[in-house]
Amino acid sequence: MCGIAGIITKDGSAADCAILQAMRDALLHRGPDGSAIWSEGPIGLVHTRLAIIDLSSGDHPIILEDGSVLVGNGEIYNYVEIATAQQAAGRFHKTGADFEPALMMLAEKGVRGTADWSGMYASASVDGKGVVCLARDPFGIKPLSLVETDRYLAFASEPRALIAAGLVRADVDALSRTMLLQGQYIPEPRSIFRGVRRIFKGAAWSIQGADINRSHTNPWLCEETAAPPSTMDEAVEALDPVLERSVRMHQRSDAPYGMFLSGGIDSSCLLTMMARLNENPVIAYTCGFSDGSAPDERPAAATVAKACSAEHCEIDFTGDDFWAVLPQVAWAFDEPVADYAILPTWALAREARRDVKVVLSGEGGDEIFGGYGRYRKAIRPWPLGKRPKTKGLFRGRTALLDKDNHWMRPFRDATTASHRQYADRLQAAQAADINGWLPADLLLKLDRALMAHGVEGRTPFLDPQVAAFGFPLPRKFKFENNLGKAVLRYWLAKHCPAADAFARKKGFTVPVGDWISRRAAQAGGLVSATEGVREICRPETVRNLFHAFDRRRARQAWALLFWAVWHKVHIEGVDPKRDTFELLQA
């Protein structure tokens, strides 16, 4: 996992080296192991490297004898299989890097060659004729943003690189801001910054000069090719090789790796499989909260870790930690997500970086195998099974000055499109999350929180073959006794009996309301006075919000606090290396 960026001049003039250097410097946290700049005529590429595969000779850019060149972020997990086939055809490789076989495939097939890649990636390549290909993986695991100006087309792993290079201003897009506050995240392709767009997941765009051909995309899952299992035993047996293959491929690394263990079904399944595939103990990291009302997942995680003979590393994230590191967490999210799970994810990555450079994580398990309670609601008979309506966090008589519901449209459009594509209401609900919430919230959270510390996050449930197995499963393999992810639960019960495989899903919560409530008067006064919050709220309403806590108001207070801190860091340019109260007063 690395950082990439690049520019294409529209008038054919040489790429500006100062712009490329500025983009590189802004992405160094994503690639602490090295950096490079390549340019030829109007095209310039930037790479910052986090060395995971072929540590000694896998530097980017990858350059072939025919002049093709590539910079990539992420991993092509099936590079071994691609390379083996190429060698059988008489083509050989200079390195053991995963993107070299991938670039050879592009050289042979053009942008359609990305359809044969299996992995998480955002890449930029240039062929011998000067045609640029921008590609992003089908699930949107790795990010890529785009800016178009009068002089340039420019792209980068993070918008901060485009801003640092002077290609776009750090101006807030008002509608995106409302989406963030009301809906927790900003649906793609929108960005928080005016003039920036996120390239669609699955994109394989070809660019020649200033013309972008957006016609080719790679779908995020395959059609079911085999008859579905008849019984749960058959489903569990069929799942095993699919999961084993994915975990084995996601463990391909020349750097040390571990995993994030929550104690829930998804991460417990991953650790159980990793224990099978590794001779040495797997390092598992778990975060808990000792001074709040949120359930502590450490005891359940410890039980699974012990059963799997894992090396279990527990961290305690407290209210003092919350106030101390929130500015640094906000800095990591130049594209913001108002999901409080960013806090423990960031803290886990900081801890994991001491031992490993790669962690496996359970994102995608709920979406692929049907884990959320809202999915059960979606399949109820009419009228109980109405499609869910989007309700904003700040609904009714609340703090925001903007009470228009125009922000809802992208959220509703995603749901409508999924129902048009899938007649089955359960699959439609799953697809809406896979296309919307997953890339714009959960995967963005994983990318930014881990890359802030130079750690690569991998998601074995978001594998084409896992998706092709799990997504089309009949409902009886997803729900049983009002519990989701039934097939995963039965698999876990079989292979790790110590795990509480049939415990009810609790959901991951962080006690931000408890932490804010203890310093609400101080925080409310400071938040209400910040430039970012004064633009969107009446100060007295904000102060009252921080004093009158209940569950919904606590979430609203968190969203406004996060926005105030984010705005200080990314718009006002305040140094995040200070605690929250010092930052808010700056």
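Modeller: Ala, Val, Leu, Ile, Met, Phe, Trp, Tyr, Cys and Pro count as nonpolar; Asp, Glu, Lys and Arg as charged; the others, Gly among them, as polar. The model is predicted: local features need pLDDT of at least 70, side-chain atom pairs 80 or more, while totals for chains, interfaces and linings use all residues. Residues are numbered from 1 along each chain, and side-chain values use heavy atoms, without hydrogens or water.

Biologist: How does the lining of the second largest cavity divide by class?

Modeller: Into five nonpolar, two polar and seven charged residues. Of its 14 lining residues, R136, P143, E188, P439 and L444 lie nearest the centre. Helix 15 (residues 437-451) gives the most, with five residues.

Biologist: What makes a space a cavity?

Modeller: On a 1 Å grid over the protein atoms alone, a 1.4 Å probe fits but cannot get out; lining residues have an atom within 4 Å of a point. Four cavities of 30 Å³ or more are present here. Volume is the space filled by probe spheres set on the points, which are joined across faces, edges and corners.

Biologist: Which residues lie nearest the centre of the largest cavity?

Modeller: C2, R49, H60, E75 and D98, out of 15 lining residues. Eight of the lining are nonpolar, four polar and three charged. Strand 5 (residues 69-76) gives the most, with three residues. Helices (H or I, at least four residues) and strands (E, at least two) are DSSP runs, numbered from the N terminus.

Biologist: Why are helix 13 and helix 14 called oblique to each other?

Modeller: Helix 13 (residues 409-421) and helix 14 (residues 425-435) pack at about 135°, with axes 8 Å apart. Angles under 35 degrees are roughly parallel, over 145 roughly antiparallel, 65 to 115 roughly perpendicular, the rest oblique. The pair is therefore oblique.

Biologist: Which residues of the two helices meet?

Modeller: A414, T415, S418 and H419 in helix 13 meet R425, A428, A431, A432 and N435 in helix 14. Contact means heavy atoms within 4.5 Å.

Biologist: What is the peptide bond from H60 to P61?

Modeller: Cis, with omega near 5°. P61 is in the loop between strand 3 (43-48) and strand 4 (62-63). D54, in that loop too, has a positive phi of about 55° although not a glycine. The bond from E188 to P189 is also cis, with omega near 10°. Most peptide bonds are trans.

Methods: 1 Å grid on protein atoms, 1.4 Å probe; cavity = no way out; pocket = protein on both sides within 12 Å on 5 of 7 lines; lining within 4 Å. Axes fitted to C-alpha atoms, helices over the stretch in contact; angles between N-to-C directions.
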